[in-house]
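Please look over the chain as a whole before turning to its parts.

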Amino acid sequence: MSRYCGEKIVEPILGAAQHWKEVGLLSDGSVFERGAIWMLPNLELLDQHFVNQPDVGEGNFYEKLEAQLEPTDSAVKQLAAEMLWFMLLCPSNIGESKKREGIKSIWEWSGEALPKESEWLRDGVLGGVGSAGTSFNTNRWREVVFFIRAMIAFKSLTNQERNNLLSDGWVFAKWLEQVPECDARQLRHMFLFLLFPDDFERIFGGTDRRRIVRTFSGKSAAQVRNLSALEIDRNLYDIRKKKEEEYGTKELDFYVTPLRDLWGDARVRTWLFSWNPSNWEWESIADDREATHEGKTVTHRWGCVNKDASTGDKAFLVRTGEPPKGIIAIGNVVSDPYEAPHWDEAKAEQGKVYRYVDVAFSRIQDPLQNDPYITEADLERITVDKQEWSPQASGIEIKQRSAGILEKVWEKVVEAAKQLDDKKRSGSVKVALNQILYGPPGTGKTYQLNRLVEKYSSKKHTLSRDAWLIQELLNARWFDVIFGALYDLRGEGKVNAILKHEYVQMKAKALGRDRNIAQTIWATLQAHTRENSSTVQYKNRSAPLVFDKKQNSVWSLVDDWEEECAEQVEQAMKWKAGPKQEASHQRFEYVTFHQAYSYEDFVEGIRPVQDEETRDIGYQVVPGIFKRICQRAKADPDQRYAIFIDEINRGNIAKIFGELITLLEEDKRAIYSESGYLKSGMELTLPYSGARFGVPENLDVYGTMNTADRSIALLDTALRRRFQFKELMPDAGVISGSRGDGYIEDGGGGVINLRALLEAMNRRIRFLLNRDMTLGHAYFINVRDFGGLKEVLFNKIIPLLQEYFYEDWHRIQLVFRDVGPGGEKLEPQIVCHDTVNEEDVLGFDHDDFEDLTEYWIVDPDEITPDAVRKVYEESA
């Protein structure tokens, strides 16, 4: 009988299903309450809000379901909770507490508490009878759609028709076929097992069902593939009856010995398929990845050299050829091998064919989109069976033990990916930030940057030794590094020993170089070899001359090296000691752009460099401030770094960033392994040094721009697409004055409202010019008395207005309300004017000249509080 499940105690689960059958199917009651919720109108509301209004946006199953059910009443939400309860009776790969948590969440959307003491929520009921597989959870919404449609169809029947169906499992299974996607849904198999456990098996995965039938019936893979779900059930029933008679017992289960031993070994073979991006461009990988992350499968034809691959076998996909290399996808073989035109178009035109299988990928990870995956280094640690992980051909078999380990590692990768997705959706994971603060002068852009600086400053040194050492070695000369390595080797060693030394390796990593390091060591050693060396013939030597080579190719420190290289010795000892825990650590750089600023200043360029000893001038590739901060961030991936670019709009963006503007994009940011290997993201080759370079994902880029200097509309389009823009406009409300309310004493018993003053001037500036040239609140933020206000007006505000209005003093008077509608003076004035008549000056009326209007600013000592109050008191 099918209700035997080995060591699993199935009676409480079958009892729960019988309870549901009585209260939910044969009547309209509730599993947990006495009310009626399994009613056709409630099911139709679920159909309306869940089936017919699918949510394809971001969020997990519960988040989307809650939004979809929000307009419905409490009974519909409780019905959804009980449907989930039934769906979770069979799966054993979900814990009991996790099941209760999901059921409780949905139930409580109704505003009522889930009954805690319900016998139908106990561990024995929720323990499960078999694995539902990954697809049941990732495609849960499909199962719910099937459930709703099946229940609507069932509840539309008469009571007599319902009783007839539930009295015969085979009749019920035949009726169930009318529900769309019936054969593809695992819930269909669960229905039949729970309601008719004497006739239907607890086998919920289609692969296992077909494999068992194929093994015991002798049918071919093609024959089994063409069977309907109901036909497979009939075969399984016949196989069981035959085996019960053969073994003389009804206590048999296909997942328990002895039946498991007859088909289990042949159940699944695992194959390694390969993809080399250099040979074939996978144009749809982004869409395919997204589809699998949504729980769908994506099927592709894939080359397979092995004829033994079979439907239902597991498939892993390894990316080869070019970094990043490693396992990036998992799926199942869904066809037997077949021949088709060769994937190489040239060979296909010659009539050549290739062997393929169809692979249904259930999960695709794209390292170039920062997805976790099984790296090449990870694969090297799976060393059992001498498994080949970089095959020359696609479709080789993964040996059994290696496949087992690989599957466990992949499960961790997928779990990490799902957690990362959840964190990104919730906003709890920090992604690279490119942000520009913009607005008129005095709106607090620099203040905001200074506040951000605190985020990138550590009170205590949190760098690892490797990260600290890389940053120390960034600007060290190769002579200093090689001397330090040889000194640490107790004064002597061969070139290979120096090459492998920590200092040299970290220097190479800091520069992003992995080639020609040995040649650099040779050249440096020879350039600093003592004059009378009998083993080294080298002309262009430079001080200090402290190296020499023995006949056995061992290099050593010689002569007065301790005295001549005292600074290098001290430096080497510092490197040996490592970072001091008390040291402060600033994880940012600050730069101001201007019209002459260039790529060579920002990224890297050739610069004249004077040798400290010889004073000779040479030319070297020197890293710029952006490259240096990127190297520091790369070496310290657990910390966030930042570069602050003031006046970013004053520089020529295309000229300064060059090809690196692409690397700023979030999905192009580089993620490196602990060894500095690029795991995901993008790198480019720098034109001067030839080094590979990427912008680490833990580097944030901030900029400021003053809209009064240059309109944001003129900003480089490429930069606008890659940056978030945060506008900072004047906010008079933050001006505190001397009393905290924006007022200051005027020195004569009255007060001046700084907030009203700023708002009045800005209203006129917006009218006369535009909003980008308004005055920022920062000008008044520190004003505490009338003397301070006059200093701001005369030293900052008036000069700025002169620049804004191009010496149009009449408009400046309008800002201060020093003139009326007819041009008459409004006393007391801040900007005064007087008209000089030509006759008064020349003594006669001359047709070639007009009256002259002269403007001047009142002396600071003569300005009165009323002149300031006049600006805002009648302008409201």
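What follows goes from the whole chain to local detail.

This is a predicted model, in which local features need pLDDT of at least 70 and side-chain atom pairs count only at pLDDT 80 or more, while totals for chains, interfaces and linings use all residues. Residues are numbered from 1 along each chain as its sequence is written, and side-chain values use heavy atoms, with hydrogens and water left out.

The chain has 36 helices and 28 strands, these being DSSP runs numbered from the N terminus (helices: H or I, at least four residues; strands: E, at least two). Its radius of gyration is 39 Å, well over the 29 Å that the globule rule gives for 876 residues, so the chain is more spread out than a compact globule; the radius is taken over C-alpha atoms, and the rule is 2.2 Å times the number of residues to the power 0.38. Along the principal axes, the C-alpha trace spans about 130 × 90 × 60 Å.

Of the 876 residues, 49% count as buried, where buried means under 20% relative accessible area, exposed over 50% and partly exposed in between, with a 1.4 Å probe and protein chains only. Among contacts with a separation of 6 or more, residues 24 or more positions apart account for 67%, a contact being heavy atoms within 4.5 Å.

Helix H2 spans residues 40-51, and its buried residues are Asn42, Leu43, Leu46, Asp47, His49, Phe50 and Val51. An α-helix has 3.6 residues a turn, so residues three or four places apart point the same way. The cover over the buried residues of H2 includes helix H3 (61-69), helix H4 (74-87) and helix H8 (140-155).

Turning to the strands, an open sheet of three has the order E11-E13-E12, with antiparallel pairing, where two strands pair if DSSP finds at least two bridges between them. Strand E11 (492-493) and strand E12 (547-549) are the edge strands, each pairing on one side only. E11 pairs with strand E13 (residues 555-557) in the antiparallel sense over two bridges, and Gly493 stands opposite Trp555 in E13.

Finally, where does Asn762 have its place? Asn762 lies in helix H32, which covers residues 754-768. This residue is buried, with a relative accessible area of 4%. Leaving aside neighbours within four places in sequence, Asn762 is in contact with Pro730, Thr774 and Leu775.
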